[in-house]
Amino acid sequence: MKYWRETLAVAGRILRELGRRQRSLIFWGIFPITLLWLNGYILAERAQIAPTEAFTRAAPVTLVGAALFFSCLGGSVATVVAEREQATLKRLFISPLSGVSYFLGVFLAHSAIGLGQALLVYGLALYLGAEFSGSWLLSLVIVLLSVAAYVGVGFILGTQFARRVEDVNALVAAFGVPLLILGGAFLPAALFPPNLLDLAQWNPVFHMTEALLQVNADDAGLDQVGDHVTFLSWFALAMTGGGWLAYLRMIQQERRL
Amino acid sequence: MLKITHLVKNFGSRAVLQGLNLDLQPGEVYGLLGPNGAGKTTLINILCGLLQADRGTLTLNGNALGSANRGLIGVAPQENLLYRSLTCAENLDFFAQIYGLNRTERRNQVAQCLAQVNLTDRAHSPVESLSGGMQRRLNMAVALVHQPKLVILDEPTTGLDIEARYELWELIRQLQQSGVTILLTTHLLDEVERLCGRIGILKAGQIIVEGSLGDLCQRINAVEVATIKSSAEDQLLARAQVLGFTSRRYGGELALWLPQVWTLTEILNCFPGIPIESITRQPVRLEHVYLEITTASEGL
């Protein structure tokens, strides 16, 4: 009960802060919409497929490969760095808030943001004529695993490598953009040269986009996307564990200040 | 209320707290003074649970201080640690939630704390729109939102204008009247004189002097301090020495400790033929005691 109450408090606070920054909210909306629109039309033109099918294929990669990446990874880095910069972490350490609750609170807040973005991207795609198939439960699992992985990576980057808000952009650009390109977020993986496709097998973003794309666009089941989901599960687990350890290390460092 | 016995904390080879003892009585305002590096922040961090003591015992109401009873302590750190984009009420509500208050308790406590710090009319203003003084008050309100029995105020009025200071002093008095025990650290000695029933002076990790303001002032063998400006300081000092006055320099100005209350004429008569430009007399104050204890000042 204590953990649940604290988790809700942290998540609520993060979402409330996000709600205060209305301009940022608008930009967070514009980003996936623009990307979906561009991806869809480029795909329709280059692959010579109907726009409705193009949007069906563009929506999953836009969601997990771009929207969730920036909101969940960039967002969790920004959350941790902002707490450090305004020193509110120290106040949280003084309070009875447990580290587990803080971690889960950040995860819950970004899951909510992720689900919000999923509604936005899929809603717009449906409006543009996309038709999605496959298991919604499996889709939800893939989205949540992606959120967990991104938040975990965000914690690692935010606690270990970024001390100021200005560091966030450089970090996300340095680590993220190459991974996104290699993950098929902007260009379908089917167009990759063979050596890049081999390399992409080690890129978690590739597994996220491929898994969700196959489920939602090709009606694939767990038996068909099992490899992607397995890779993604291990990666999410490793990043969550890594994020937790990084958080503990940061607590030790911050307490000495 | 709070009892600290033989508290020791080292950072590597540097001993910060060296067997510190402190006993806070319920409902008192205790002023903890000390130069930078004396160990005040380390002590507060140990009380908050941010640091672990190497040795010593800490008890709160007779029970060992730990996560189970740390909720009885409220801390207002010296920086305003607030969520700047949230409103005053939202900040308080968040911390009240963390401290386990239910919805009704939170609503009541948020309203009460805002009233206590005179921010009711700014309840829905974002923190970033508040003045420095208002943020300071809200910072203190956050420390009070879970109704702690012991409140630690770490330099609560540093950087505030005099009006904001008066408001915070009034709040501290109100808290004391409501039975809350307060541990106050500050560099503003007049603040301690006004508010604290007992004062402890921390030096090199130990409280070396403790008592009421009156007790502490008696440690100086004087009832008044006269600050004297003269173009012939050497002559004046020689004469003061003959008369057995203790002399000190406070901020570069020459001061003599007067063993009794004298009139200006009586003081002037002590220094015949020595040109004196001005004499300022004041009763012995905490700053004189503090400087005497914390600096290794020698007679001039």
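Predicted model: local features only at pLDDT ≥ 70, side-chain atom pairs only at ≥ 80, totals over all residues.
In chain B, four strands form an open sheet in the order 2-1-4-5, with antiparallel pairing. Its edges are strand 2, residues 14-24, and strand 5, residues 63-64, each of which pairs on one side only. Within the sheet, strand 1, residues 2-11, and strand 4, residues 55-60, run antiparallel and are joined by five bridges. Here Thr5(B) stands opposite Thr57(B) of strand 4. Helix 1 of chain B, residues 40-48, lies across strand 1 and strand 2, and runs at about 65 degrees to strand 2.

I turn now to the helix pair. Helix 4 of chain B, residues 132-144, packs with helix 5 of chain B, residues 162-177, at an angle of about 15 degrees, and their axes are 10 Å apart. The two helices are therefore roughly parallel to each other. Their crossing is right-handed. Which residues meet in this contact? From helix 4 come Gly133(B), Arg136(B), Arg137(B) and Met140(B); from helix 5 come Ala164(B), Glu167(B), Leu168(B) and Leu171(B).

Finally, consider the loop between strand 7, residues 150-154, and helix 5 of chain B, where Thr158(B) is found. Thr158(B) has 14 other C-beta atoms within 10 Å and is therefore partly exposed, since a buried residue would have 20 or more and an exposed one 12 or fewer. Along the chain, Thr158(B) and Asp234(B) are 76 residues apart, and their C-alpha atoms are separated by 38 Å.

How values were computed: Residues numbered from 1 in each chain as written. Chains lettered and ligands numbered in written order. Axes fitted to C-alpha atoms, helices over the stretch in contact; angles between N-to-C directions. Parallel < 35°, antiparallel > 145°, perpendicular 65-115°, else oblique. Left-handed = near helix turned anticlockwise from the far one by under 90°. Contact = placed C-beta atoms within 7 Å. Pairing = 2+ DSSP bridges.
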